[in-house]
Amino acid sequence: MSMTFEVGEDLAAVVDAVRGFARDRLRPALREAEAAGELPEPLLRECFELGLTTLALPEAHGGADLLDARAAALVTEELAWGDLGAAVALPGPRSAGFAALELGTPAQQARLLAPFADAERGWSRRGALAWVEGPFGLDPTAIEATAAREGDAWVVRGTKRYVQAGPAADLTLVLARDPASRAPDPWDRLVLLAVEGRPEGLRAEARNETLGLATATWSTVVFDGVRVPGALRLGTGASGELRRAVRRTVARKRVLDAARLTGCLRAATEYACKYATEREAFGVRLHEHQALAFMMADMATAVDAVRNLTWHAAWLVDRADPDPEPLVDAARRAWRHAAELAVQVTTDAVQVLGGHGYLWDHPVEKWMRDARTLPLVDGLDLDDDDLLAT
Amino acid sequence: MAIDFDMPKKVRAARDMARMFAETYVRPYALEADVLEGPHPKFVEACKQFGLGTGSAGALAGGGAGDADQGPTGAGGGAGGGAGGERSGRPGLANRIMVVASEELAWGDATAVLNLPGPGLGAPPVQLTGTPEQRRRFMSVFAPHEYKFGAYALTEPGAGSDAKNIRMSCRKDGDHWVLDGTKIYITNGRKAEWTVVFATIDPALGRAGQRAFVVERGTPGFSVPKVEQKMGLKASETAEQVFEGCRVPAENLLGGEAHYEAGDKGGFKTAMKTFDATRPLVAVMAVGIARAAYELARDWVREAYALGQHRPRYHRLVDTLAWMEREIHAARLLCWRAAWMLDAGLPNAKESSMSKAYAGTMVQKVTAKALEVLGPEGVLRDRLVEKLYRDQKVYDIFEGTGQIQRLVISRRLFA
């Protein structure tokens, strides 16, 4: 049956299990993880054992094979409902995995992705995208980092900003300009290279101190003559190939970010609603004050609106049309709308709790900071909002 | 994996047909109908020719929606939504069909949905509460290819949103009921063949005292003294109905006396159940209006800035258009979900209200922005956006105001 919002029994069971984990393990650790600036090792190992760090990794490479974007969106929402900071800070190939799956040969995929499922060290491995160079979004004409061909290798020089997991990344996909290329389309002048581990010349600066999501790390990464073997260039260099892959990768990340925001908004809404049934003012419980009840009705509606848009975009991911544009549009729509409503809903959650909401005693002030941070922090903004262009 | 937004073939076919109809027989006459303050003759002619009406949903759904319960004309859903799945025990498509078709028609002109012949909002109470005999009798009035209407009368001068406080009285007198009172804001209230009317045996009984009747046109003591002048939706008839010692045959009490003895809140429940089915439909009309406004604004910017992207405001307008499009799609999916729940027989009072609350707010913001995009052109009467702005306001009022929707939602959040 199509045109349906039915989740299905099998998946509902998985979602329930993840929700239980988020409730019992992530939510209670949320403040501690934020203060420490990272998730504690036992929790990371537990996430790895449960397959949460390798959700979108094919079974062939030891992953959970949850490549279905709708399923991933559902699971991601639950993790973020537990703690948005944890959902963002979880190790794993993350978006670098999407890009490798988009452009990598089977041999490259095996080499780059299998280590994330490694029984010994997989639990802490992280993938990273070193794509963005400034606060102006991802613009192919503005990429100054270069990758020059020297013999059988590429030598990368340049500075990348807002790189998640920068200092700790085990796989960094760097986007750089080939100075020898004279291709008319600026996208075709770029190459995507996989950097393994911490080779000579690769240096991460101190982590960015951020408004929210302090559990995760972003930093500036400097490539000072980093040599990348020719075999680790992703893609064939065919015209349009890289642009398509980048747009699909960003779209997939946006879908998951929208799912993460859905989870955070749901958490904030539920928390505010629960508080409103317990706290009394003027002789009645808070929710019996209509000004607050209506606010919470709008919060609950916003959560559902954002989730619907996320599911719609995830469904387009799974349709895998050769033309990425409908997906790019839907993902941007879901992500932007989630970002906009996130501000409203988390701010209102603080408002429902009043002075208590402003304090660290309750998580709502953290969610307000986290939700505002997520859509901005990685700078992965494709300047493609022009619906007039078509 | 189930979550899936692909339209089933029948839904797509209905969408395409409604779109064609809206493009050909609705949109070209929208401004004229607004001036005429009634349906355009070309539209009426086309409705008759194609046999299109609020009773068409059952036919479009090809029997998927509780066909056994539909009248001999196949009149089931309608701008009245079938809630078919609930009756037949298997998921139908009627509500999803109506939701996508209504968006298209409302895109052409919102009054087109209200001017589609058939039982309209009167259908759900007759279908949901009526006895088989009543369903047969009242639905068979609407043969295809005829321009005839049903109506639904709940609101009174003293009770709009507060539906449990209606004052219109009914008392049993032999084999008749006698109705006294006034109903207002009744869509198609003058031309309707019959109207579903809510009254009370005793206001002190609240919801439990309410009864629903089908009052046929020409019933002694029933008159329609006034058709209202409105800001928008001018081509749709909004009438006042007066009942003075109006004698209605006992067999016109919806569901029969047993229905009201069995459980309390019989009449009120009928009214509220109607809303569960109709709110997403009304909400999706707001989506259609907003989409029309968005497209007009987008095309206008495209034209006005074809050679002048350096002109002031261009990038702001581009951003505004993207925002409008997001808002519209968010509202649309809330409507789809509420309709899907109805088709699947799931209780959807909260989700219906969410779709209506969201869409009612959305359409105000989006149409206001569309006018802003056009600037001085936006307020000109010969441009459709001006009419859309007048039409849209009532979507946050009728079928339950935005505030009522938030009450429904919050009561369920804190139940």
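Predicted model: local features only at pLDDT ≥ 70, side-chain atom pairs only at ≥ 80, totals over all residues.
## The interface between chains A and B

The size of an interface is often given as the accessible area lost when the parts come together. Here chain A and chain B bury about 4,200 Å² between them, and 68% of that area lies on carbon and sulfur atoms. Chain A brings 43 residues to the contact, while chain B brings 42 residues.

Side chains of opposite charge can pair when their charged atoms come close. Between chain A and chain B there are four salt bridges, and a salt bridge also joins the side chains of B:Arg326 and A:Glu340, with a distance of 3.3 Å from N to O.

## Helices 6 and 12 of chain B

Two packed helices are described by the angle between their axes and the distance between the axes. In chain B, helix 6, which covers residues 94–108, and helix 12, which covers residues 314–343, have axes that come within 7 Å and cross at roughly 155 degrees. Angles over 145 degrees count as roughly antiparallel, and helix 6 of chain B and helix 12 of chain B are therefore roughly antiparallel to each other. The crossing in which helix 6 of chain B passes helix 12 of chain B is right-handed.

On the side of helix 6 of chain B, the residues in contact are B:Ala94, B:Asn95, B:Arg96, B:Val99, B:Val100 and B:Glu103, and these meet B:Arg332, B:Cys335, B:Trp336, B:Ala339, B:Trp340, B:Leu342 and B:Asp343 in helix 12 of chain B. Sorted by class, the residues of this contact between helix 6 and helix 12 of chain B are eight nonpolar, one polar and four charged.

## Helices 1 and 3 of chain A

In chain A, helix 1 (residues 9–26) packs with helix 3 (residues 41–49) at an angle of about 170 degrees, and their axes are 12 Å apart. Helix 1 of chain A is therefore roughly antiparallel to helix 3 of chain A.

The contact brings A:Phe21, A:Arg25 and A:Leu26 of helix 1 of chain A together with A:Leu43, A:Glu46 and A:Cys47 of helix 3 of chain A. Four nonpolar and two charged residues make up this contact between helix 1 and helix 3 of chain A, with no polar residues.

## Salt bridges across the model

Over all chains, the count comes to 68 salt bridges. One of them pairs A:Glu278 with A:Lys274, whose closest N and O atoms are 2.8 Å apart. Because A:Glu278 and A:Lys274 are four residues apart in helix 8 (residues 241–278) of chain A, about one helical turn separates them.

Definitions and conventions. Residues numbered from 1 in each chain as written. Chains lettered and ligands numbered in written order. Heavy atoms only, no water. Axes fitted to C-alpha atoms, helices over the stretch in contact; angles between N-to-C directions. Helix = DSSP H or I, 4+ residues; strand = E, 2+ residues; numbered from the N terminus. Parallel < 35°, antiparallel > 145°, perpendicular 65-115°, else oblique. Left-handed = near helix turned anticlockwise from the far one by under 90°. Contact = heavy atoms within 4.5 Å. Nonpolar A, V, L, I, M, F, W, Y, C, P; charged D, E, K, R; others polar. Buried area = accessible area lost by both parts, 1.4 Å probe.
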